[in-house]
Amino acid sequence: MNIIVDAGTRDCRNVGDVAMLQVAVERLGVMVPGATIYVLIEDAVELKRHCPSAVPLSHAGREAWFDNQSLSGRVYNLLPQAGRALVQGGHRYVRNWWPSTHASALLLKERVRGRSTEPLREFLSTMAKADLLVFCGQGTLADAGGQHARIMLETAAMAIRQGIPVVMVGQGVGPLTDPALLALARAVVPRVALIALREARGGPALLRALGVADDRIVITGDDAIELAARRRSGAPGTHIGIHARIAPHAITDHAVLDRVRDVVQAAARARGAALVPLPISHHKAGAYDPATIRLVMGGADAESDGGVDIDSPERTIEAAARCRMVVTGAYHAAVFALSQGIPAICLGRSPYYLEKFYGLVDLFGPGCTVVDLDSASLTQDLAAAIEHAWAAAPAQAEGLRAAAARQVALGRAAYARIPALLGGRPSFVERRAARERPA
């Protein structure tokens, strides 16, 4: 069996996405023994560090295949919007219905440009022999997913046309309002065999509106919960975990960051607690959490580097275990804390982040609190939330751990449905013969 996994990370620089990928690879290995598991990735070295059993598959090859302007080159940029739409539609039509012609043209173009054709060949050959396509641990099916949301849906459509079952696990979906993405989602998502959601707030309603049958939708919580839930040992933490991020969907105003810093530092001083950095994103060219966390910790711990070396799920989970409570602007810092019985205060402002955080509230209960960064009373709201979480932490621990255990069981049950999707499927050789048989 050959399984292709499309994770939420392309370079393994986001430890939350890595955690979901690790759990997916582990569970698929149990459910489909002996399967070869390919992971679409840009950094094969980092993939091997975190998932040594997985086989890297070039994401660049997939991007080349689904590039709607690859054959038109610079001319595309000179066209008006209507002309660009026609070019994109033409690429998509040829790619979908004459894939061999499209592949030949793309390979020729790559050679003319003096670029290697190996990534594209590798992607196409692996897709041709795949028995299952798994999208694991993503929040891509949303307006915030942008271009990758389109590529995700078109990859699923490609697999479905080839008779390959598609499943989505550990998914966050929505908000989704973009007309083009909605149209593509309506054509593809109802044909996905199984969709396991990490929240029940808006995801099920959105999927039903797209035409997905109820028996294909399950609520499991986040797959990364399993890694943190295993840790549940040792004495209760005594510190305050901190995560902050400057990014379009997170903190965008340094004045807001200063207010968070002042409240968190005052809370730590009042309780004799250290601030423990919990970075999630390590993208030095993008959202680099250690740099932002260092700003929040400045003065309280002038020696801190913001958690530069806390760059794996294991290290982040261990750091969270030192805490009595956590204040975070990242979803997975909250997941790593809550799953160990540690209360989390989630800082959000955009609909995308707030929906994710309120989904955690629904699944974990009162041990998870959301504070709106755009609130005029942010300082008072955050101070009150910290005071409550600190006091309530011992009483809430077991309830949070029980919630995590329930979600782990639901996640495993969803993966247990996968083998039935593979039963009786034609082999790669049989599928290839069918494709080559004259009509």
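**Entry 1: a helix over the strands**

I started with helix α15, which lies across β10, β11 and β12 and runs at about 160 degrees to β10. For contact I used heavy atoms within 4.5 Å. Axes here are lines fitted to C-alpha atoms, for helices over the stretch in contact, and angles run from 0 to 180 degrees between N-to-C directions. Helices (H or I, at least four residues) and strands (E, at least two) are DSSP runs, numbered from the N terminus.

A note to myself before going on: this is a predicted model, where local features need pLDDT of at least 70, side-chain atom pairs count only at pLDDT 80 or more, and totals for chains, interfaces and linings use all residues. Residues are numbered from 1 along each chain as its sequence is written, and side-chain values use heavy atoms, with hydrogens and water left out.

**Entry 2: the chain overall**

I looked up the totals next. The chain has 19 helices and 12 strands. Of its 439 residues, 56% count as buried, where buried means under 20% relative accessible area, exposed over 50%, and partly exposed in between (1.4 Å probe, protein chains only). Among contacts with a separation of 6 or more, 73% are between residues 24 or more positions apart.

**Entry 3: the five-stranded sheet**

In what order do the five strands of the open sheet stand? I read β9-β8-β10-β11-β12, with parallel pairing. Two strands pair if DSSP finds at least two bridges between them. The edge strands are β9 (275–277) and β12, each pairing on one side only. From one strand to the next, the twist averages 25 degrees.

**Entry 4: strand β11**

I then followed β11 (residues 344–348). Five of its five residues are buried, so the strand is largely enclosed by the rest of the structure. Ala 344, Cys 346 and Gly 348 point one way, while Ile 345 and Leu 347 point the other way.

On one partner, β10 (residues 323–328), I found three bridges to β11, and the two strands run parallel. Thr 328 stands opposite Cys 346 in β11. Together β10, helix α15 (residues 331–338) and β11 make a right-handed β-α-β unit. Right-handed means that, with the strands pointing away from the viewer, the path from the first strand over the helix to the second runs clockwise.

Ile 345 has Thr 369 of β12 as its bridge partner. The chain gets from β11 to β12 through helix α16 (residues 351–364), and this β-α-β crossover is right-handed.

**Entry 5: Phe 357**

Is Phe 357 buried or exposed? Phe 357 is found in helix α16, and at 0% relative accessibility this residue counts as buried. Not counting residues up to four places away in sequence, Phe 357 touches several residues, including Thr 328, Cys 346, Leu 347, Cys 368 and Val 370. I also checked Phe 357 against Ala 330: they are 27 residues apart along the chain, and their C-alpha atoms are separated by 8.9 Å.

**Entry 6: the seven-stranded sheet**

I found another open sheet, with seven strands in the order β3-β2-β1-β4-β5-β6-β7 and parallel pairing. Its edge strands are β3 (55–58) and β7 (217–219), each pairing on one side only. Neighbouring strands of this sheet are turned by 25 degrees against each other on average, direction ignored. Four bridges join β1 (residues 2–6) to β4 (residues 132–136), and the bridge partner of Asp 6 in β4 is Phe 135.

**Entry 7: His 148**

His 148 is buried, with a relative accessible area of 19%. Leaving aside its neighbours within four places in sequence, His 148 is in contact with Asp 6, Arg 10, His 59, Arg 62, Gln 138 and Thr 140. Glu 63 is 85 residues from His 148 in sequence and 9.3 Å away in space, C-alpha to C-alpha.

**Entry 8: two helices crossing**

Last, I looked at α12 (residues 254–271) and α17 (residues 378–415), whose axes come within 10 Å and cross at roughly 35 degrees. The residues of their contact divide into 10 nonpolar, one polar and three charged. Ala, Val, Leu, Ile, Met, Phe, Trp, Tyr, Cys and Pro count as nonpolar, Asp, Glu, Lys and Arg as charged, and the others, Gly among them, as polar.
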